[in-house]
Amino acid sequence: MAAGRGEWMVPRDAFDVVELGSVIGSLCVYDRDEAADDYLCRVFGGAVVADLGVDMTGQYMSSYPAQLGDAVRRGYDTARTSRWPYVSTHLLIRSERDDFYRREDGRVLHEKLILPVTRSGRGIDCFITHVARLPADALRGVFPIADAGPSGVA
């Protein structure tokens, strides 16, 4: 909040992502593209790449597989319209595909903190997201976790 210098939203130039040191591999940075009604991924942290098996840097969110893209976009849309940080948790099920069956490769939870920031001072146009990797059973007993569909999203 101190970085906001008394403004309604933390300005993007109040800090440098590189200064965040040990968490940089878990960060994703998205810019809002109003003309395209989309979000452009500027940075996709190495730890997130390792979990998902794909680097989305330079890609629009609309290029994500449908079910994954819809789930991710809901969080960013909520942060943009509410103007508040947003937290979401997704069960990630990695699997290997075979001609005959899918074999599960591992399960983890991704807990995301989406921080909306501004470059212009007039609206939210950038999002810095920290993705925490948790054991798949971290929420056991809190609520049932549904099995994921073919795209790996629960």
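**Testing the terms**

Tutor: Start with K112. Leaving out residues up to four places away in sequence, K112 touches V72, Y76, Y86, V87, S88, H90, T129, H130 and V131. Keep in mind that this is a predicted model.

Student: What makes these count as touching K112?

Tutor: A contact needs heavy atoms within 4.5 Å. The residues that K112 touches include V72, Y76 and H130. K112 itself is found in strand β4, residues 102-117.

Student: How do you know that K112 has no salt bridge?

Tutor: Look for the opposite charge. The nearest such side chain is D77, 11 Å away. A salt bridge needs nitrogen and oxygen within 4 Å. K112 is buried, yet has no salt bridge.

Student: Why is the contact between R42 and D31 called a salt bridge?

Tutor: Their side chains come to 2.6 Å, N to O. The limit is 4 Å. The pair passes. R42 lies in strand β2 and D31 in strand β1, so the bridge ties together parts that are eleven residues apart in sequence.

Student: Why is D31 called buried, and why is R42 called partly exposed?

Tutor: Buried means under 20% relative accessible area, and exposed means over 50%. D31 has 10%, so D31 is buried. R42 has 47%, so R42 is partly exposed.

Student: What makes β1 and β2 a pair?

Tutor: At least two bridges are needed. β1 and β2 have six, in the antiparallel sense. Take two examples. The bridge partner of D31 in β2 is L40. R32 stands opposite Y39 in β2.

Student: What lies between the two strands of the hairpin?

Tutor: Four residues separate β1 and β2 there. D37 is in that turn and has a positive phi of about 50 degrees. D37 belongs to the loop between β1 (27-33) and β2 (38-44).

Student: Why is β2 called largely enclosed?

Tutor: Count the buried residues. Five of the seven in β2 are buried, so the rest of the structure largely encloses this strand. β1 is mostly covered, with six of its seven residues buried.

Student: Why is D37 called partly exposed?

Tutor: D37 has 42% relative accessibility.

Student: How do you know that the span of α2 is close to the expected one?

Tutor: α2 has 17 residues. At 1.5 Å a residue, 24 Å is expected. From its first C-alpha to its last, α2 reaches 24 Å. The helix is followed by R83, whose phi is positive, near 65 degrees.

Student: Which residues of α2 are buried?

Tutor: G69, A71, V72, R73, G75, Y76 and A79.

Student: What makes a group of residues a nonpolar core?

Tutor: The members are buried nonpolar residues, joined through side-chain atoms within 4.5 Å. In soluble globular proteins, nonpolar side chains tend to be buried together. The largest core here has 16 residues. Y30, F44, M61, Y64, Y76 and F127 touch the most other members. β1, β2, α2 (66-82) and β5 (126-135) each give two or more residues to this core.

Student: Where does the other core lie?

Tutor: Apart from the largest one. This other core has five residues, among them L27, V29, C126 and I128.

Terms used: Residues numbered from 1 in each chain as written. Predicted model: local features only at pLDDT ≥ 70, side-chain atom pairs only at ≥ 80, totals over all residues. Heavy atoms only, no water. Buried < 20%, exposed > 50% of the residue type's maximum accessible area, 1.4 Å probe, protein only. Lys, Arg positive; Asp, Glu negative; His and termini not counted. Expected span 1.5 Å × (residues − 1).
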